[in-house]
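Hi everyone, thanks for coming.

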Amino acid sequence: MKEKSFMRFSTTKRSKCFINSIILTVCLAFLCIGTAAAKGAVTKSSNQIREMIFDSLIFTNPIPVQIIVGDRGKIYRKEAQDLMWQEIPSGVREPLFSVSFPDGNNGWVSGASGTILHSMDKGHTWFEQSCPVNKHLFAIDFSDSSHGCATGDWGAVVRTEDGGKTWQDISLSQDVILYGVHMVNRNNGWIVGEFGKIFKTRDSGVSWQELPPVADNSLFCIAVDGNILVAAGLDGLIVYSHDSGDTWLRAETNQTKSLYGVVIQGKEVWAVGEPGIIVHSADGGVTWKQVSPDGKATARWDRRGHSFLY
């Protein structure tokens with residue numbers, strides 16, 4: 001019998017924190033010079049956050065804002081000048097796995113048992129949206145404030161064209177866990193998952209085409225910049241494409257630690273994974289070197305193995 005994917009997710013992805021915005025996170029560390037959070041709000045330092053944290057991001061409106069999400073429905077928010085995190089009521093107790101802000105106001109979070117939350121005020125308040133599936137949704141991504149997609153357990157795929165007012169179930173027929181999704185624009189997007197699976201859409205997520213596999217290991221994340229795509233996953237697996245995803249090649253990383261997040265800026269690519277692992281490519285994902293954060297920014301790994309960049 002197939003084991004429950006949430007157990008696999010919570011153990012194999014326990015390092016996935018502060019990774020989707022690693023470059024901006026490092027920059028943010030230099031800006032954190034401190035002001036008090038709003039009076040009466042529940043605030044915590046990074047050391048005081050005890051929940052498992054599964055995802056984070058940074059958006060700007062007009063200053064950098066950082067959001068992290070995790071176990072027991074926890075959402076924390078911090079602006080550039082803040083030293084402390086503000087705990088934001090989510091209204092749910094389910095684990096929250098992924099967060100997406102396509103602009104400076106609208107954000108979405110996905111979680112266990114089909115949980116989808118929406119914020120329209122920079123992450124200050126959240127309310128739940130109705131989802132047609134009850135499966136764990138490990139990833140969510142919006143290309144704009146209307147068009148988005150969430151993926152997860154047992155081939156779960158849901159999409160929206162109206163900002164989540166309605167969600168359509170377009171789940172795959174395959175019994176495969178879909179760990180990562182990236183919507184490039186309203187029409188084009190990518191999904192990665194178990195067994196090295198890669199899927200693409202050209203019709204806003206209505207249908208998904210599976211690509212020939214490059215490797216058998218699970219892929220946890222994917223990033224896109226122009227015609228360069230990089231996906232990363234289990235045991236240090238990295239695959240890349242320089243022709244908008246038409247062909248994929250496997251990169252040699254010379255390490256076997258799993259990688260849970262990747263970002264691209266031009267040909268510069270960074271990936272983060274298990275404790276102590278940050279790898280960098282300067283040629284669009286072809287060759288890789290292990291690096292450490294520069295300057296005052298350092299990586300700390302808590303007792304659960306989460307990565308924090310300061």
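Strands (E, at least two residues) are DSSP runs, numbered from the N terminus. Please keep in mind that this is a predicted model, where local features need pLDDT of at least 70, side-chain atom pairs count only at pLDDT 80 or more, and totals for chains, interfaces and linings use all residues. Residues are numbered from 1 along each chain as its sequence is written, and side-chain values use heavy atoms, with hydrogens and water left out.

Now look at strands E4 (residues 75-79) and E5 (residues 85-88): they run antiparallel, joined by 3 bridges. Arginine 77 sits opposite glutamine 86 of E5. Both strands belong to an open sheet ordered E1-E5-E4-E3-E2, with E1 (43-44) and E2 (53-60) at the edges, each pairing on one side only.

Next, E23 and E24. They pair antiparallel over 4 bridges and form a hairpin with 4 residues between them. Glycine 276, in the turn, has a positive phi of about 90 degrees. Valine 269 faces serine 281 in E24.

Is E24 buried or exposed? Ile278 and His280 on one side, and Val279 and Ser281 on the other, are all buried, meaning under 20% relative accessible area with a 1.4 Å probe, protein chains only. On to E25 (residues 289-290), which pairs antiparallel with E24 over 2 bridges; there, glutamine 290 is the bridge partner of valine 279.

Finally, tryptophan 288: beyond its neighbours within four places in sequence, its contacts (heavy atoms within 4.5 Å) include Val230, Ile238 and Val279.

How values were computed:
Pairing = 2+ DSSP bridges. Buried < 20%, exposed > 50% of the residue type's maximum accessible area, 1.4 Å probe, protein only.
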